Every structure is written in structure tokens, then in C-alpha cells.
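Hi,

Here is the structure I promised to pass on. Have a look at it first, and then read on for what I found in it.

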Amino acid sequence: MDDPYHNNVNQQMTEGGDYTYTQDGGGQDGYPYQTDYPPQDEDAASDATEGADDDDQMYEGEYQGVPHPDEIKEARRAARIEARRKARMATQQEEEEENLPEQYETIMEDCGHGRFQWMLFFVLGLALMADGVDGFVVGFVLPSAEKDMCISNADKGLLGLLVYVAMMVGALVWGGLSDKMGRRKCLIYVLAIDLIFSFLSCFAQGYGFFLFFRFCSGFGIGGSIPIVYTYFTEFLQMDKRGEHLSWLCMFWMLGGLYASFTAWGIIPHYGWGFAIGSEFQMHSWRLFILVCLFPALAALVGVVFMPESPRFLLENARHDEAWMILRQVHDTNWKAKGEPERVFTVTNIKTPQTQEDEFIEIQSDTGTAFQRWTVRHMTMLQQVMANVMSLSAPELRLQGLFLVIIWFCMAFSYHGLGVWFPDMIKYMQYEEYESKVRVFHRERVERFHFNFSLVNQIHREGEYVHDKFANIEIKSVKFENSLFENCYFEDIKSTNTFFENCTIKNTVFYNTDLWQEKFKNCRMENTTFLHPKKGCHLNFQEENDIVIYMVSFLGSLAVLPGNIISALFMDKIGRIRIIGEISGNVLSSCTFLLLLSFSQGAVICWQCLFYAVSVAAWNGLEVISVELYPSSKRGTAFGILNGICKFAAIIASFIFAAFIGITKIIPIFLAFAALVCGGLVALKLPETREKILS
């Protein structure tokens with residue numbers, strides 16, 4: 001039966017010449033199919049016949065491993081699509097990176113400067129104070145430790161060297177890791193390592209263990225300075241950076257004051273220690289190390305309650321965490337200012353995500369736990385090394401070279417003279433002591449009881465027969481070419497005492513600390529040593545001269561006015577003028593005044609003046625160092641610069657110490673040349689007081 005409607009439709013469609021309907025038994029009743037196909041391109045035709053090619057015939061190139069032409073076209077098309085996608089992502093990332101610094105600065109201005117920054121200021125200040133304390137610990141305990149553990153002069157120099165090497169390596173490693181792991185996490189690791197190994201060094205009875213523990217402690221605390229400055233900088237707005245970073249530097253001075261004051265009050269008190277048998281002894285210098293742990297412990301507790309740097313989180317595409325922290329900063333500050341109703345209005349922050357972060361995320365879901373740990377840390381190591389290599393980029397290379405020169409010159413002069421000042425005072429004391437030495441020549445003493453101390457004497461070609469030396473102290477005494485016959489030594493404490501080319505006959509040494517090293521080229525005949533005192537004798541009256549503690553205390557205290565001046569004028573006159581003019585002019589002039597230091601008092605005065613002026617230049621240098629580098633490389637760059645500082649300190653300590661007692665001209669000239677060079681190079685750096693953190 002014909003349907004007028006369908007006939008009409010068939011007629012209209014047929015006249016159009018496009019489609020027709022069929023109603024045969026094998027057809028699809030009422031469904032259209034295309035009779036006149038639109039023209040197809042070559043790729044579409046290939047796709048339409050792909051199944052027939054696979055079923056009916058074999059592409060002959062497959063026998064030879066040659067890819068099919070369709071596969072080549074598909075691969076090229078995919079490559080073009082991927083290239084366009086990467087280009088769009090690169091363009092978008094550049095726009096986001098350009099917008100992020102301005103947006104972040106606006107957010108920090110909206111958050112304001114208040115209670116949160118001050119809390120972070122004191123916490124990070126304690127971490128900086130811990131670094132300052134560690135810089136003084138070894139120098140204060142060494143005079144006592146070398147006697148307690150019988151450390152030779154060579155080993156004594158090795159201790160100071162290894163501690164500085166450890167701090168140099170720590171600055172390089174932790175500075176780089178802070179750009180990948182986070183400022184807060186790395187600072188927690190740094191303080192924990194310092195605490196653990198400093199605590200263990202208090203109880204180390206052998207020199208080997210003590211050296212190892214101090215090395216590990218130095219490796220930890222060496223990373224504190226790069227992290228602290230980077231961490232605090234990223235919570236400050238532009239107009240507050242110079243001033244508050246300079247105030248933060250004051251905590252390093254407080255570390256020196258704390259170490260000097262506690263050493264002065266603890267180390268000379270020998271009775272404050274205790275002993276467990278003869279194998280374990282806890283003298284007062286070990287108690288001093290224990291007390292020096294308090295700043296690091298307080299800093300560690302405080303950092304645990306502080307958030308991560310939001311700038312670091314944004315650079316690593318962790319938008320939500322950064323937003324929460326910025327809101328916390330905003331609410332904390334405005335609530336403390338009496339405006340709790342103010343709302344954090346930021347809703348979106350552009351955050352570029354790097355391919356390295358995606359790689360770690362992908363790998364963290366595959367393999368065993370050990371494989372994931374290995375992949376994650378190897379990838380992180382690759383990223384840190386890539387970050388280090390990126391500092392040689394053309395836009396960073398020149399300013400990086402300038403900063404390296406300035407840091408090296410400043411550290412060389414500062415740490416070199418820091419070694420020269422106390423050593424020069426000791427040398428002056430030694431010269432004064434030597435000038436008062438008493439010389440006895442060819443004296444003969446027979447059947448005499450020495451019951452008084454012998455101090456600062458030289459006995460040449462003397463004869464001592466049937467004499468008794470009992471319950472006395474022999475200090476800085478030398479016996480040369482002398483004869484001891486039928487003598488008796490009992491309960492003797494000796495310091496810097498030697499027997500050279502002497503003949504000792506029928507003599508008894510009972511309960512004395514005179515051992516083989518005290519006798520040089522001596523001839524022994526029927527001589528007996530009974531109950532000799534093992535180890536080295538601690539003489540706190542000699543080894544802990546109060547002048548040394550006073551010098552360090554006054555040197556640290558002298559930094560205070562320089563810190564205040566630099567903090568007040570850092571944002572007013574600029575970083576470059578503070579570094580260039582103070583370092584190049586004032587400091588170099590101060591060094592020539594050292595030629596006029598003919599007494600201990602004069603050396604102490606010039607030391608205080610030098611430290612007071614140099615701290616302003618150091619503050620300017622540290623501020624500009626964190627401002628010149630982008631956030632993704634800031635910790636790495638500052639760690640390298642701080643490592644160079646420690647390297648310069650190592651070189652300077654050897655060079656300046658070598659001229660003690662020989663000449664003052666060469667050390668002073670070297671310090672002068674280094675300061676002038678650093679000051680002139682500083683003038684080539686760009687001013688950053690109005691620069692937004694990139």
C-alpha cells in the first residue's frame with residue numbers, strides 16, 4: 001500500500017539528487033544511506049580503506065621493517081600538534097611568570113607587615129644566632145680540648161679546617177635543596193643535624209669522634225644562612241626588605257655575644273664538670289658546648305610551627321597551599337592591628353607548573369618503595385644540578401661573577417683579620433711573658449726540697465743532686481744540658497715544660513705528668529716512672545685567658561651600632577652605596593690604622609672599629625644577593641655565595657696566621673687590597689631597593 005507521505009518525500013529527495021529510500025526485503029526500511037559522497041581528501045580515503053588493506057593484502061615494506069606511509073603521516077601530524085601545544089604552554093608560562101612577581105608583591109602589600117613577620121623574624125633570628133654561636137664554639141673550646149684530649153698542633157689545625165669545610169659544603173648542598181624541597185623543610189633538617197651531632201660531640205672522649213661530630217654539625221648549620229635569608233625575604237614586601245633583613249643580621253651578633261659570655265662564665269670553672277671512672281670525663285668546656293645548643297633548639301621548635309614560603313609553593317605550582325598560607329599571614333596581621341573584619345580578597349594566583357614536578361608525580365605511583373625513593377631523589381639531584389648550571393645563563397652570568405668577587409674579597413679580609421686580631425694579642429702576651437723569663441746558668445743544688453712552683457725559667461748546665469720536687473707546678477720551664485742524680489719527683493703538674501739533652505740518674509718519678517715527650521735527647525740511667533698521670537693536664541688559669549673572651553665579646557658588641565645604622569639607611573641610600581662606599585673607603589682606611597697597633601689595647605680598639613664598620617657592608621651584600629636572583633634559584637645562588645665565603649675564610653686563616661710574629665705589613669696590605677677590590681666591583685651591580693622579587 002502506497003503512503004502518499006513517503007512517496008512525496010521520495011520524490012522530493014530524488015529530485016534533489018542526493019538521497020533515495022528503498023523498501024526491499026534486505027534493506028533498511030525508512031533509513032537513508034549516502035549515494036553521492038562528498039569528495040574526500042587523501043588521508044580520509046586511506047582511513048576508509050584501511051581495513052580492506054589489512055584483510056586483503058600485505059604492505060610489502062612490512063617484510064623489511066619499513067613503516068607504512070600512513071603511519072609516517074600520522075606521526076608527523078602528531079608531532080605538529082605536540083609542537084603547537086608546547087608553544088602555547090611556553091607562551092602561557094612566560095606570561096604567568098611575568099605576572100607572578102607583580103601579583104605576589106601586591107598580595108604581600110595587602111597582607112601588610114605585622115605580627116606574622118615579627119614571629120618569623122624571631123624564629124629565623126634564633127636560627128641565625130645558632131650559626132653565629134657555632135662560629136665561636138671551636139675557637140673557645142680548643143685551648144681546653146687540646147689539653148683534655150692531647151691534641152697535637154697539627155690535629156688542632158685540622159679541627160678548625162674541617163669545620164669550615166663542612167660549613168662550606170653545607171651551604172652549597174642545603175642552599176640548592178631549599179629551591180626544590182622547600183625553605184622550611186630544609187631548615188628543619190639543618191637545625192636537627194646540628195643539634196644531634198653537637199650534642200654527641202659533648203660526650204665524645206676521643207679526638208676522632210669529636211672531629212667527626214663537629215664536622216657533621218658544621219655540615220648542618222652551614223646551610224642555615226642561605227635558607228634563613230631566602231625564607232624571610234619571601235615574606236617581606238619591597239619597601240620593608242632592606243631594613244628588616246638588616247635587623248635580622250643582628251642575631252648573628254647576638255650569637256657571638258652569647259657564645260663569648262657563656263664561655264667566659266663556664267669554661268674557666270673546672271669544678272663544674274664531673275667524671276664517671278677514668279674513661280668518661282665531662283669537663284666544663286663540654287658543658288659549654290651543651291649550653292650553646294639552646295638557640296638551635298629554640299629555633300627548631302619555632303620553625304616547626306611556621307608555614308612554608310608561599311613564594312616557593314607558587315613557583316612549584318602548589319596554588320592551594322600558598323593561598324592558605326597567604327590568607328593566614330593576612331588574617332594574623334590585620335587581626336593584631338585591630339581589623340579582624342578585613343577579608344583576604346585574592347581568589348586566583350597564576351602558578352606555572354614545571355615538567356620536572358610532573359615527572360616526580362608520575363614516578364611516585366609506580367614501582368617499589370625503594371624505586372620510588374631512588375627515582376625521586378635522583379630526579380631532585382638532577383634538578384639541583386640543572387639549577388646550578390642555569391646560573392651561568394647570560395642574564396645572570398655577569399652579576400653572578402661580580403657577586404662572587406665581592407663575597408670572596410669581603411670574606412678574605414673579614415675572616416683573615418678575625419684570625420689576626422686574637423692571634424696578635426696572644427703573640428703580644430707571649431712576647432711580654434718571654435721578656436720576663438729568668439735564666440739560671442751552671443747552678444748546683446744539693447739536698448734541697450723544692451716546695452714552690454717554678455714558672456717561666458730556663459736552667460742551663462745545672463746539677464741537681466739528692467733533691468726532692470713534690471706537690472708543685474712547673475710552668476714554662478726548660479732544663480738544658482743539666483744533671484739530675486738521686487732525685488725524687490712526686491705529684492708534679494707541668495705545662496710547657498721540657499728537659500733537653502739532660503742526664504737523669506737513679507731518679508724516681510711518682511704520680512707526675514712528665515712522660516717521654518717531655519724528655520728530648522735525654523740519657524736515662526736507672527730511672528723509674530711510677531703511677532704516671534695519663535692524658536693531658538688541664539690548666540685553666542693558663543689556657544683560658546680572660547682577655548680572649550673579652551676580645552670576642554667586645555668585637556661582637558661593636559657590631560651593634562653598625563647594624564643599627566645599616567638597617568635605618570639601607571632603603572634610603574641603597575645597597576650599592578653601603579657596600580661600595582663603606583667597604584671601599586671606610587673599611588680600607590681602617591686597615592691602615594692597624595699599623596699603629598703597638599699594644600693589646602690598640603689592637604682591641606681597631607678590631608672593634610673594623611667590625612662595627614664591616615657589618616654594614618655585609619648587610620648590604622646579603623640583602624642584594626637575595627634580591628638579584630629569581631625565586632626558583634635564590635637559595636641555590638645564595639648557598640654558592642656563602643660557600644665561597646667559607647672558602648675565602650679557609651684561605652685567609654692560613655695566610656694571615658702565617659705572618660703572626662713576622663710582619664704586620666703583609667696581612668694589612670692584603671686586607672686593604674681585598675676591600676678596595678670588593679668596593680670597586682660593587683659599584684658595577686644594579687641597585688635593587690625598588691626591585692620586585694623576580
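Let me start with helix H8, where Tyr-207, Phe-210, Leu-211, Phe-213, Arg-214, Cys-216, Ser-217, Gly-218, Gly-220 and Ile-221 are buried. Please keep in mind that this is a predicted model.

On confidence, the mean pLDDT of the protein is 77, with 77% of its residues reaching 70 or more. Helix H12 (residues 294-304) has the highest confidence, at 94, while helix H1 (residues 4-16) has the lowest, at a mean of 42. Across residues 1-59 the pLDDT is below 50, and this stretch has 34 contacts in the model beyond near neighbours in sequence. Residues 538-544 also stay under 50, and there the model has 22 contacts beyond four places in sequence.

Next, the sheet. Five strands make an open sheet with parallel pairing, in the order S4-S7-S9-S12-S15. Strand S4 (444-446) and strand S15 (523-525) are its edges, each pairing on one side only. On average, neighbouring strands here are turned by 5 degrees against each other, direction ignored. S4 is joined to strand S7 (residues 463-465) by 3 bridges, and the two run parallel. If you want to find that pairing on screen, look for Glu-446, whose bridge partner in S7 is Val-465.

Strand S9 (residues 483-485) of this sheet holds Phe-484. Is Phe-484 buried or exposed? Its relative accessible area is 1%, which is under the 20% cut-off, so Phe-484 counts as buried. Leaving aside residues up to four places away in sequence, Phe-484 touches Tyr-464, Phe-469, Phe-479, Phe-489, Phe-499, Thr-503, Ile-504, Lys-505 and Thr-507. One of these, Ile-504, is 20 residues away along the chain, yet the C-alpha atoms of the pair are separated by 4.7 Å.

Most residues other than glycine have a negative phi. Asn-456 has a positive phi of about 55 degrees, although it is not a glycine. Asn-511 likewise has a positive phi of about 55 degrees without being a glycine.

- Asn-456 lies in strand S6 (residues 454-460) and is buried, with a relative accessible area of 7%.
- Asn-511 sits in the loop between strand S13 (508-510) and strand S14 (519-520), and at 25% relative accessibility it counts as partly exposed.

Now to the helices again. His-244 lies in helix H10 (residues 238-266). With a relative accessible area of 5%, His-244 is buried. Not counting residues up to four places away in sequence, His-244 touches His-113, Trp-118, Phe-121, Phe-232 and Leu-236.

Finally, which helix does H22 meet? Trp-618, Glu-622, Ser-625 and Val-626 in H22 meet Arg-634, Phe-638, Leu-641 and Cys-645 in H23. By class, this contact has 5 nonpolar, 1 polar and 2 charged residues. The axes of H22 (residues 600-628) and H23 (residues 634-658) come within 9 Å and cross at roughly 145 degrees.

Happy to talk any of this through.

Best wishes

Conventions:
Residues are numbered from 1 along each chain as its sequence is written. This is a predicted model: local features need pLDDT of at least 70, side-chain atom pairs count only at pLDDT 80 or more; totals for chains, interfaces and linings use all residues. Side-chain values use heavy atoms; hydrogens and water are left out. Helices (H or I, at least four residues) and strands (E, at least two) are DSSP runs, numbered from the N terminus. Buried means under 20% relative accessible area, exposed over 50%, partly exposed in between (1.4 Å probe, protein chains only). Contact means heavy atoms within 4.5 Å. Two strands pair if DSSP finds at least two bridges between them. Axes are lines fitted to C-alpha atoms, for helices over the stretch in contact, and angles run from 0 to 180 degrees between N-to-C directions. Ala, Val, Leu, Ile, Met, Phe, Trp, Tyr, Cys and Pro count as nonpolar, Asp, Glu, Lys and Arg as charged, and the others, Gly among them, as polar. pLDDT is the predictor's confidence in each residue, from 0 to 100.
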